Amino acid sequence: MNNYQEALTEAARFMKAHDRFLIVSHVNPDGDTTSSALATALLLEQAGKSYVIVNEGETPSKFGFLPRFERILNLSADSLEERFDAVIAVDAADARRMGEVRHLFAPNARILNIDHHPTNDFFGTVNVIRTDAAATAEIMFEVMEAGGFACTPELATCLYTGLLTDTGGFRYSNTTSHVMEIAAKLLRCGVKPGEIAERCLEEITLKHVQVLRRALQSLKLTHRNQVASLKISHADLCETGATSEDASGLVNYGRNIEGVEVGISFCEPEPGVVKVSFRARAHVDVAQIAKSFGGGGHAKAAGCTLKGELAAIEEQVLAKLSEVLGVGVHE
Ligand SMILES: [Mn+2]
């Protein structure tokens, strides 16, 4: 048996060896971390265990259709006095990515770290890391098989959602034959693909469209049209009543323009805080760019959060792109 197979078995053993668990998804939760956290909850239920699922902040309501979604505790709104000996972190590349949750860990807490980010630093007691997995949900499927768990329709719905969202609807280059084989197995377990795609990929809020209208007005092509950036100021969010959740996904409008190599969005959820998202088309590794600003992610999708004035951060990031592309901002 290779190391990865052993790690999968070890993960299943971890779930069976403790009685009560803290499940942690990453900050600014997406479909994969949320689905993987809920899949973990369902696996623990099968093993007769109890758990609490937390996130540092709010989990997007668009994932409200997922089973046990209502069990996710938002730590910015609810406090939790309990301390946990067993922690399972899903889709978090490093301990920082789990957010402000450390205070919930008992002094000698054991951590199971399940993730697919190349930047993962093996912060767990047990680490199940496969960087060529398209999604953490793909690894969760393998944990399910390794542990002899049953693939229920609820579990399949979670795993399919993680695969669907992290592959951009089975479109990105991480859509391997293995991903499609797992998706096919999940469909046989009772997944309703049309309903999940509608909720995760098609449906948008009216506020998203209102903030999109403003963001498109700010569209700027630089670096010989290789970089397309958009800005969503705090005023844009206030005046449209949109949240940063409503503003998510806007970065793709820039990236999708023919000939553009990197799409960037600058979103200011509160004055002086700017969330920068990067999407690359082919050659640029945006994970490295995000990392240079204290963020992280994947080669083609990454992000970071910076403090400062929106215009100054824009300038700083575009200068970094000049360095990477070897082309001046206004060339
Ligand atoms: Mn992921």
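Mentor: Start with handedness: a crossing is left-handed if the near helix is turned anticlockwise from the far one by less than a right angle, and right-handed if clockwise. Keep in mind that this is a predicted model.

Trainee: In which hand does helix 2 pass helix 3?

Mentor: The crossing of helix 2 over helix 3 is left-handed.

Trainee: What makes helix 2 and helix 3 roughly parallel to each other?

Mentor: Helix 2, residues 31-46, packs against helix 3 at an angle of about 15°, and their axes are 9 Å apart. Angles under 35 degrees count as roughly parallel, and therefore the pair gets that name.

Trainee: Which residues meet there?

Mentor: From helix 2 come Asp 32, Thr 33, Ser 35, Ser 36, Ala 39, Thr 40 and Leu 43, and from helix 3 come Thr 136, Ala 137, Met 140 and Met 144. By class, this contact has five nonpolar, five polar and one charged residues.

Trainee: Why is Met 140 called buried?

Mentor: The cut-off for buried is 20 or more other C-beta atoms within 10 Å. Met 140 has 30 C-beta neighbours inside 10 Å, so Met 140 counts as buried. Met 140 is placed in helix 3. Leaving aside neighbours within four places in sequence, Met 140 is in contact with Ser 36, Ala 39, Thr 40, Ile 114 and Leu 159.

Trainee: What makes helix 1 roughly perpendicular to helix 3?

Mentor: The axes of helix 1 (residues 3-17) and helix 3 (residues 136-146) come within 8 Å and cross at roughly 75°. The range for roughly perpendicular is 65 to 115 degrees, so helix 1 is roughly perpendicular to helix 3. Leu 8, Thr 9, Ala 11 and Ala 12 of helix 1 make the contact with Glu 142, Val 143 and Ala 146 of helix 3. Sorted by class, these are five nonpolar, one polar and one charged residues.

Trainee: Which residues touch the most other members of the largest nonpolar core?

Mentor: Ala 11, Leu 159 and Leu 163 do, in a core of 61 residues. Not counting residues up to four places away in sequence, Leu 163 touches Ala 134, Ala 135, Ala 137, Glu 138, Val 179, Ile 182 and Ala 183. There is a second, separate core of 32 residues, and among its members are Leu 212, Leu 237, Phe 266 and Ile 289.

Trainee: Is Gly 308 buried or exposed?

Mentor: A residue is exposed at 12 or fewer. Gly 308 has 12 other C-beta atoms within 10 Å, so Gly 308 is exposed. Gly 308 sits in the loop between strand 12 (301-307) and helix 11 (310-325). Beyond its neighbours within four places in sequence, Gly 308 is in contact with Gly 272, Val 274 and Ile 313.

Trainee: Why does Arg 224 count as partly exposed?

Mentor: Arg 224 has 14 C-beta neighbours inside 10 Å. Buried needs 20 or more and exposed needs 12 or fewer, so Arg 224 counts as partly exposed. Arg 224 is found in the loop between strand 7 (220-222) and strand 8 (227-232), and has a positive phi of about 55° although it is not a glycine.

Trainee: What makes Asp 91 buried?

Mentor: Asp 91 has 31 C-beta neighbours inside 10 Å, so Asp 91 counts as buried. Asp 91 lies in the loop between strand 4 (84-90) and strand 5 (105-115). Phi of Asp 91 is near 70°, a positive value in a residue other than glycine.

How values were computed
Residues numbered from 1 in each chain as written. Predicted model: local features only at pLDDT ≥ 70, side-chain atom pairs only at ≥ 80, totals over all residues. Core = buried A, V, L, I, M, F, W, Y, C linked by C-beta atoms within 7 Å. Contact = placed C-beta atoms within 7 Å. Helix = DSSP H or I, 4+ residues; strand = E, 2+ residues; numbered from the N terminus. Axes fitted to C-alpha atoms, helices over the stretch in contact; angles between N-to-C directions. Parallel < 35°, antiparallel > 145°, perpendicular 65-115°, else oblique. Nonpolar A, V, L, I, M, F, W, Y, C, P; charged D, E, K, R; others polar.
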